[in-house]
Amino acid sequence: MSTTPRAPRDGTAAGTAGAVQVARVGATAGGHTLLHDVSFTVPTGAVSALVGPNGAGKSTLLRALSGAGPRAGGSVHLGSQDLFALSRRERARRVALVEQEVRSEFALTVRQAVALGRTPHQSRWSLTAADDDTVVEDALVRAGAAELAGRELGTLSGGEQQRVQLARALAQQPELLLLDEPTNHLDVRAQLRTLGLLRELAADGVTVLAALHDLNLAASYCDHVVVLADGRVRASGPVAPTLTPALIAETYGVQADVLTHPRTGRPLIAFSPR
Ligand SMILES: Nc1ncnc2c1ncn2[C@@H]1O[C@H](COP(=O)(O)OP(=O)(O)OP(=O)(O)O)[C@@H](O)[C@H]1O
């Protein structure tokens, strides 16, 4: 078995079955409303970027969608499946969240940490399925973390930890992959490699939503964008018509010229202070 995702469970073709419909999702913490009736669609077969200024609510939203963080009302459907009608374990078989920080109370090797991604697929009676090791090795290779497999997690650099986090999520074989700033510790080559991998996963049928600060990375690799500000969706849709200079100015308070990349033909954003 490889980390190639499984076919959608309802038997319909990839491209429609795994789209995510987020409807009126809210979140509160510490007496503050962090998300206000957030609604948008994440298409499958494409990589979607979640962008917005610091404090916009991107991490809060990803945690709410995955069930890892608070959610106040609303619904999240993956295809026709209401994700919050599932048990936590069933949801973990379908949804993986790659967070910014690796948290572990135990001294784990990288391979052990990645193998934890298999937990939702293991039964109480037979803890390790025969093909789990293959899935873990494949995930390590695809995330560029194979050479780190024997290292202790706590000794890794930020960029190395980020690759391990991605490998753990791949080992989970999710249908929906949520990533919180998956490139923030990575050098430019590793950033492009990670975004390229996300595109491969999307082409294989995984629905991918990644919070990104780098709007040019989003414009180069993502097909769809959700723009969040002050806990509200300001815009969402295909990248080129959505990321306009006016929207960027209004959302980030900077002047932006949206050019056309001379080689790829995709949007290329040049910034200047207002
Ligand atoms: N437990 C909490 N209690 C009160 N406020 C919180 C809590 N958790 C998050 N917040 C606030 O909610 C807002 C959204 O935080 P969040 O981390 O989701 O933003 P973000 O868009 O991911 O930001 P960044 O780009 O800086 O990572 C911030 O203003 C943050 O301070």
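## A well-covered helix

Helix α1 is mostly covered, with seven of its nine residues buried. Those buried residues are Lys58, Thr60, Leu61, Leu62, Ala64, Leu65 and Ser66. Please keep in mind while you look around that this is a predicted model.

What does α1 (residues 58-66) lie across? The helix lies across β1, β2 and β4 (75-78), and it runs at about 70° to β2.

Now for the strands themselves. Four strands form an open sheet in the order β2-β1-β4-β5, and their pairing is antiparallel. The edges are held by β2 (32-42) and β5 (81-82); each has a single partner strand, so one side of each is left without a neighbour in the sheet.

Strand β1 (residues 20-29) runs antiparallel to β2, and seven bridges join the two. If you want a place to start tracing this pair, Val20 stands opposite Val42 in β2.

## Around the ligand

Which residues surround the ligand? They are Ala29, Gly30, His32, Leu34, Gly52, Asn54, Gly55, Ala56, Gly57, Lys58, Ser59 and Thr60. By type, three residues of this shell are nonpolar, eight are polar and one is charged.

Both β2 and α1 supply at least two residues each to the shell. The most comes from α1, which gives three residues. Two residues of the shell, Lys58 and Thr60, are also among the buried residues of α1.

Elsewhere in the chain, strand β6 (residues 95-98) is covered on both faces. Val95 and Leu97 are buried on one side, while Ala96 and Val98 are buried on the other.

In which sense do β6 and β7 pair, parallel or antiparallel? Strand β7 (residues 176-180) pairs with β6 in the parallel sense, over four bridges. Within this pair, Val98 stands opposite Leu179 in β7.

## The protein as a whole

Stepping back, the protein has nine helices and twelve strands. Of its 274 residues, 42% are buried.

How much of the contact count with a separation of 6 or more comes from residues 24 or more positions apart? Such residues account for 67% of those contacts in the protein.

How values were computed
Residues are numbered from 1 along each chain as its sequence is written. This is a predicted model: local features need pLDDT of at least 70, side-chain atom pairs count only at pLDDT 80 or more; totals for chains, interfaces and linings use all residues. Two strands pair if DSSP finds at least two bridges between them. Two residues are in contact if their C-beta atoms, placed from the backbone, lie within 7 Å. Axes are lines fitted to C-alpha atoms, for helices over the stretch in contact, and angles run from 0 to 180 degrees between N-to-C directions. A residue is near a molecule or strand if its C-beta atom, placed from the backbone, lies within 6 Å of it. Ala, Val, Leu, Ile, Met, Phe, Trp, Tyr, Cys and Pro count as nonpolar, Asp, Glu, Lys and Arg as charged, and the others, Gly among them, as polar. A residue is buried if 20 or more other C-beta atoms lie within 10 Å of its own, exposed if 12 or fewer, and partly exposed in between; C-beta atoms are placed from the backbone.
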